[in-house]
Amino acid sequence: MAKHSGKNGKVIFNDGTAATAVGLKGFSIDESTGTADTSDADGLWKSHATTQSEWKGSIDLNLDHAGAGQDLRSGDELAFSGYTEGDATGKTYWSGNITLTSHGINHTFDGTVTRKYDFMGNGALTRAVVS
């Protein structure tokens with residue numbers, strides 16, 4: 001299995017006009033599926049059934065007030081595409097519609113000012129390959 005660094009990572013937002021997020025430091029995506037306990041009281045082992053799936057994540061950026069993708073606010077709904085190794089032909093990426101659930105700015109006197117978006121998927125998370 002090939003390994004790759006995150007230096008070519010890219011996030012593209014589309015709220016009507018596609019824009020590559022400026023200052024990307026990284027992003028994360030977490031996918032999970034709920035379960036419902038279907039165990040019988042007299043059983044020796046627990047059992048379960050799967051329920052609905054969900055996904056959420058975060059995007060970390062170096063703050064640039066004039067940069068594309070840096071004017072979003074909590075509550076915004078848009079399309080998301082996350083590329084872990086760039087967007088050249090043959091590269092894998094993740095996409096879906098998201099709702100921004102929080103927006104924060106972190107400032108330290110001796111470091112870089114950063115912006116963070118937390119989001120929740122609205123519908124399915126799709127894995128695809130750039131064609």
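Visitor: How many helices and strands are in the protein?
Guide: This is a predicted model. Read along the sequence, its pattern is β-β-β-β-β-β-β-β. The count is therefore zero helices and eight strands.

Visitor: What radius of gyration does the protein have?
Guide: The C-alpha trace spans about 60 × 35 × 30 Å along its principal axes. A compact globule of 131 residues would come near 14 Å. The protein itself has 18 Å.

Visitor: What share of the contacts with a separation of 6 or more joins residues 24 or more positions apart?
Guide: Contact here means heavy atoms within 4.5 Å. Among the contacts in the protein with a separation of 6 or more, the share from residues 24 or more positions apart is 61%.

Visitor: Which element gives the most to the largest nonpolar core?
Guide: This core has 14 residues. F13, I59, F80, I98, L100, Y117 and F119 touch the most other members. Two or more residues come from each of β1 (10-14), β4 (48-62), β5 (77-83), β6 (92-106) and β7 (114-121). The most, three residues, come from β4.

Visitor: Which residues is I59 in contact with, leaving aside neighbours within four places in sequence?
Guide: I59 is one of the core residues that touch the most other members. F13, F80, Y117 and F119 share that description, and I59 is in contact with each of them.

Visitor: Is T114 buried or exposed?
Guide: T114 sits in strand β7. Beyond four places in sequence, T114 touches K25, L61, N62, L63, G104, I105 and N106. Its relative accessibility is 18%, and the limit for burial is under 20%, so T114 counts as buried.

Visitor: How do the lining residues of the largest pocket divide into nonpolar, polar and charged?
Guide: Lysines K7 and K25 are in the lining, and Lys counts as charged. Glycines G6, G9 and G26 line the pocket too, and Gly counts as polar. The division is five nonpolar, four polar and two charged.

Visitor: How far apart are the C-alpha atoms of S95 and L125?
Guide: S95 belongs to strand β6. S95 is buried, with a relative accessible area of 16%. Leaving aside neighbours within four places, S95 is in contact with F80, S81, A124, L125 and T126. S95 and L125 are 30 residues apart along the chain, and their C-alpha separation is 5.9 Å.

Visitor: Why is E85 partly exposed?
Guide: E85 lies in the loop between β5 and β6. Outside four places in sequence, E85 touches H4, N8, K91 and T92. Buried means under 20% and exposed over 50%, so E85 is placed in between by its relative accessible area of 21%.

Visitor: How far apart in space are E85 and S5, C-alpha to C-alpha?
Guide: In sequence, E85 and S5 are 80 residues apart. H4 is among the residues that E85 touches. From C-alpha to C-alpha, E85 and S5 are separated by 7.2 Å.

Visitor: Which residues is A79 in contact with, leaving aside neighbours within four places in sequence?
Guide: A79 is in strand β5. A79 counts as partly exposed, at 26% relative accessibility. Its C-alpha atom is 9.5 Å from that of G121, 42 residues apart along the chain. The contacts of A79 are I12, F13, N14, G96 and N97.

Visitor: What percentage of the residues in the protein is buried?
Guide: T114 and S95 are among the buried residues. Out of the 131 residues in the protein, the buried ones make up 25%.

Note on methods. Residues numbered from 1 in each chain as written. Predicted model: local features only at pLDDT ≥ 70, side-chain atom pairs only at ≥ 80, totals over all residues. Heavy atoms only, no water. Core = buried A, V, L, I, M, F, W, Y, C linked by side-chain atoms within 4.5 Å. Buried < 20%, exposed > 50% of the residue type's maximum accessible area, 1.4 Å probe, protein only. Helix = DSSP H or I, 4+ residues; strand = E, 2+ residues; numbered from the N terminus. 1 Å grid on protein atoms, 1.4 Å probe; cavity = no way out; pocket = protein on both sides within 12 Å on 5 of 7 lines; lining within 4 Å. Rg over C-alpha atoms; globule rule 2.2 N^0.38 Å.
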